[in-house]
Amino acid sequence: MKNVKRKLLSHKLMMISSMIIFIMTLLALFPPFLAPNDPNLIDITHKLQGSSSKFPLGTDHLGRCILSRLIYGTRTSLGTAFLVMGLTMMISIPLGIYAGFRGGWVDYLFMRMCDILMAFPSLLLSLALIGILGPGLGNLILAMVLVHWVFYARVIRGMVLSVKEQNFILAAKVCGTPRLVIVIKHILPAIISQVVVLVFMDIGGVVLAISSFSFLGFGIQPPGAEWGMMINDSKPFFRNAPSLMLYPGMMILIVVVAFNLFGEALRDALDLRRE
Amino acid sequence: MLELKGIKKTYLLGNSVWGKRKTVEAVKNVSLTLEERVCLGLVGKSGSGKSTLGKIILGLEKPDQGEVWFQGKNLSNLKAKELKELRRNLQVVFQDCYSSVNPRLTIGEIIAEPLRNYERLTSVQEKKKVQELLEIVGLCTEDIHKYPYQFSGGQLQRINIARAIALKPKLIIFDEAVSALDVLVQVQILNLLAQLKEEFHLSYLFISHDLQAVNYIADRLAVMYNGEIVEWLDDMEQLERLEHPVSKKLLSSVLLPYPGHGSDTKMIY
């Protein structure tokens, strides 16, 4: 563990990306204290203003403070992304481990089901699901979880397969350890670091997906603040006020890049077979 | 004590939807008996089905045909609870000592694993027992808090042996247990095994391709070839009497300590 810590600390990109993630998390956790204005306060008299001391990043077409909306949007984007990932893992980890460890016809059935679900492009499938369920943040989360768990369960199954045949699992079976204990004590600790890396490498993608759904109008509904929706809102004013589009776009970029770098650095640091 | 009756195991190869799948007969019709306090050496080339046979006895693989009788009971038609009770008398040590221990657990936890499954011990009792076991296999009692990467192959194999004898089993299967170690350590481990066998009245099934090691520890010998037992030897003194070509090949593959001194097949230790 010490080794991992040292490796993480010596990693420059890691430090930068974790700083960004830390700041973003702060923004997401305490927007009422950090935002200068009410994000939903409409004031047509101040619409499309440049930056000023009252509105540090200016205002949008309804006179709302952009900075405040960005800060509140962090909560929506990151919160939703972590919720989607968390729920996905709650389905994927048990099912992936069960299929991989059990093997046989259960595994076969599971794999064929994965094949069917993975034959559809995931964005399209989520879109179809949202179309059925109706727009809204709750339905967006549900649709994304339902589409994404398959992929992770499959990867986790693969990890379990590679651990399962190791001698210490066989030895545990021989000395009478119950299956559930084998899973908790031997299999889960062996794969969990890989799963964490997987989660952090992909959470940027989830942020991006949520923003794209909001951009299309399927995610959070007005007047709630969300980056993708802000970009969509500012489309008509692109020529007069390009910064309206630029700021939320930059936020998405920064968050996605930070998470990708963080995930990659984590993978490098944890890639120690036998510490 | 252990009796195998007509064990057969076939593995399917590949995944063909149409037509006949390719198969490999790993074990064909093997029957053998093992009495108490005897060490049976099972030798053969790699791929001759020795390890599969070991896994079938341990219950890690199911035979397609045949029965495994252990302590007078047929393992295939026992209830789960009875099976668990019986299995505590049946333990294993594998060849790859590094992958036989979970690298994330301490030595104490590794050796205590079988104890936790079968005996309700307090943590103090458990620690004492583990320390006893460590001493039996010739390691320090302070090693209890160390991790597997801090040990050499020979030491790890001692830890595996400690785990195998923790429940005081009747039969231990050694699947190439010393083959990965250097010769000097091999002799140390074999001496330890011989001593443990006397002390705890154990039986061994010693699977190996190395006739020299088997000769050192086994009382009886079975030679396996292509999934069948081709030759038996009840007395290890008469090693030269082996007749089957495979046995002869194995015998001639033993390296002599003084190669220049003619073809004296007698082994010197």
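Which hand, left or right, does the crossing of α10(A) and α11(A) have? The crossing is left-handed, as shown in one of the views below.

The model is predicted: local features need pLDDT of at least 70, side-chain atom pairs count only at pLDDT 80 or more, and totals for chains, interfaces and linings use all residues. Residues are numbered from 1 along each chain as its sequence is written, while chains are lettered from A and ligands numbered from 1 in the order in which they are written.

**View 1. Chain A comprises 11 helices and zero strands.** Helices (H or I, at least four residues) and strands (E, at least two) are DSSP runs, numbered from the N terminus. The C-alpha atoms of chain A fill a box of roughly 75 × 45 × 30 Å along the principal axes. Of the 275 residues in chain A, 39% are buried. A residue is buried if 20 or more other C-beta atoms lie within 10 Å of its own, exposed if 12 or fewer, and partly exposed in between, with C-beta atoms placed from the backbone. Among the contacts in chain A with a separation of 6 or more, 68% join residues 24 or more positions apart. Two residues are in contact if their C-beta atoms, placed from the backbone, lie within 7 Å.

**View 2. Helix α10 (residues 227-234) of chain A meets α11(A) at a crossing of roughly 160°.** The two axes come within 8 Å; axes are lines fitted to C-alpha atoms, for helices over the stretch in contact, and angles run from 0 to 180 degrees between N-to-C directions. α10(A) and α11(A) are therefore roughly antiparallel (angles under 35 degrees count as roughly parallel, over 145 as roughly antiparallel, 65 to 115 as roughly perpendicular and the rest as oblique). A crossing is left-handed, as here, if the near helix is turned anticlockwise from the far one by less than a right angle, and right-handed if clockwise. Trp227(A), Met230(A), Ile231(A) and Ser234(A) of α10(A) meet residues of α11(A) including Leu244(A), Pro248(A) and Met251(A). Ala, Val, Leu, Ile, Met, Phe, Trp, Tyr, Cys and Pro count as nonpolar, Asp, Glu, Lys and Arg as charged, and the others, Gly among them, as polar.

**View 3. α4(A) crosses helix α11 (residues 243-270) of chain A at roughly 25°.** The axes come within 11 Å, and the angle makes the pair roughly parallel. The crossing is right-handed. Ile66(A), Leu70(A) and Gly73(A) of α4(A) make the contact with Leu244(A), Tyr247(A), Pro248(A) and Met251(A) of α11(A). Six nonpolar, one polar and no charged residues take part.

**View 4. Gly86(A) sits in helix α4 (residues 66-102) of chain A.** Gly86(A) is exposed, because 11 other C-beta atoms lie within 10 Å. The C-alpha atoms of Gly86(A) and Ala143(A) are 14 Å apart, and the two residues are separated by 57 residues along the chain.

**View 5. Chain B places 21 residues in contact with 14 residues of chain A.** On the side of chain B that touches chain A, α2 (80-87), β6 (90-93) and α3 (107-118) each supply at least two residues. The largest share, four residues, comes from α3(B). Nine nonpolar, five polar and seven charged residues form this side of chain B.
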